[in-house]
There are 2 protein chains.
Amino acid sequence: MKEGPNIAGIAALIGDPARANMLQALMTGVALTASELAQEAGVTPQTSSFHLGRLAEAGLIKLRRQGRHKYYSLADSDVAELLEAMSGIAMRAGMTRVRTGPKEPALRRSRICYNHLAGEYGVQAYDSLLTRGFLVEDGEQLHLTGDGRGFLSELGVVLPEKENKRRPLCKSCLDWSARRSHLAGIAGTALLSFFLDQGWAKRVDGSRIITFSREGDSRFHATFSLQD
Amino acid sequence: MKEGPNIAGIAALIGDPARANMLQALMTGVALTASELAQEAGVTPQTSSFHLGRLAEAGLIKLRRQGRHKYYSLADSDVAELLEAMSGIAMRAGMTRVRTGPKEPALRRSRICYNHLAGEYGVQAYDSLLTRGFLVEDGEQLHLTGDGRGFLSELGVVLPEKENKRRPLCKSCLDWSARRSHLAGIAGTALLSFFLDQGWAKRVDGSRIITFSREGDSRFHATFSLQD
DNA sequence: CGATTGTTTCGATCGTGATCGAACAATCAA
DNA sequence: TTGATTGTTCGATCACGATCGAAACAATCG
């Protein structure tokens, strides 16, 4: 009876509040895990799993397995543009959600990415280690030099003595806010733990935000300067 | 808890099959009455009335009273573009409606997009005007050159003498089937009217399909050749 | 003025789909 | 291996919203 593509199908898909929340969370460009998306959407992990299955089946999102996590992200820019267009229509219709928080700038500055530091701070640390020869990029791989190991050890960051085959010591992770790499892997986790243990920084409630104290901030910049 | 526009609201609105059918029927550009839309969507007039109320409230459609009829049409080109974008996503997701009948190729070839011509014909006309210097892209904007105005005028396409601030003379609209731009705006509407008035093409019953006669087809290709 | 057609309101029904508890599977750390 | 974390499947529940019958309302026409 009717011809043409079934727009009701995808519209209904986006039309569920939980799924819409997930998609909007992914609009930031960062890949999120099923649990994170569940919290973001305000539903239980089971429900989240159900919704993610539907979205993936329709090709709106794609997933990347990494360890025991599944990182979900938008399928491509077409989907992002569609969501943008819908946001525009919703805005002018006066359909806005309750309140808009000041959290986003803090997220861009420094946040937890799974188990390591991301955001401007994470990118700066990565760049500093790289320019000082403590870290070398080798194609897809990333290696900590002898000098780098000594530097971190002297600082007080504890690292396992020998490399583990299962989980790499160093790994680069792409940052959404800065579109630059930052340090992941065991060393990345150790570094974040170090910052938290030393009191340089704290996590904020249940969010991904990391705040540096004034003291911690100056120490961080002294330790991870970009000169030399 | 969440910030940003409520895309779930409008998505849910479009997500209902009956409403989606109505909106797609309105994509032909013609204004339809509540009863006609009811038949188009396959529901009773009561249900139709209910849905139309919701859509109008959200600003997706507008109505014009005329006698004892109420003529409904899409609110503006923004809504039309959103629906086009959704069609594109639905297509590539393989979500076509039940009988993917022989109508689909015809839709890809040439169809009405709100009030102008889309599909292969629309794209070809756009490309032809562009390569011959009758149309110039200027970032997001699109301008008709003096030569272009002369060309259309000589052809017999009537255009307003001076630009209107509210509605642009030329506007590019992205095509879901071809993933290319075609001409929208006042000039786009005028061009479509010209094709229909001259008998080069006809609309098919109540659908969005436009069929060119043999005569019209050859004239179209002669007029909008891609060489030079 | 009634008669006819088009549209809306109300109330009740009903099916679809979101949701969560609980159990299960997979992966990693020690 | 064991234990902990993460993710999924299954089943049952439940609420929301689409739908339509009946009837009221509105606007034209003869």
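A:Asp147 sits in helix α8 of chain A, residues 146–155 (helices are DSSP runs of H or I, at least four residues, and strands runs of E, at least two, numbered from the N terminus). The model is predicted: local features need pLDDT of at least 70 and side-chain atom pairs pLDDT 80 or more, while totals for chains, interfaces and linings use all residues. Residues are numbered from 1 along each chain, chains are lettered from A, and side-chain values use heavy atoms, without hydrogens and water.

**A:Asp147**
- A:Asp147 is exposed, at 58% relative accessible area (exposed is over 50%, buried under 20%, partly exposed in between, with a 1.4 Å probe and protein chains only).
- Its C-alpha lies 9.3 Å from that of A:Arg132, 15 residues away in sequence.

**Cysteines**
- Zero disulfides are found over all chains (a disulfide is a pair of cysteine sulfur atoms within 2.5 Å).
- A:Cys170 is buried at 6%, and B:Cys113 is buried at 1%.

**Cavities**
- The structure has three cavities of 30 Å³ or more (a cavity is a set of points on a 1 Å grid over the protein atoms alone where a 1.4 Å probe fits but cannot get out; lining residues have an atom within 4 Å of a point).
- The largest cavity holds about 60 Å³ (the space filled by probe spheres set on points joined across faces, edges and corners).
- Its lining includes A:His116, A:His182 and A:Phe220.
- α9(A) gives the largest share of that lining, three residues.
- The lining has six nonpolar, four polar and no charged residues (Ala, Val, Leu, Ile, Met, Phe, Trp, Tyr, Cys and Pro are nonpolar; Asp, Glu, Lys and Arg charged; the others, Gly among them, polar).

Technical notes
1 Å grid on protein atoms, 1.4 Å probe; cavity = no way out; pocket = protein on both sides within 12 Å on 5 of 7 lines; lining within 4 Å.
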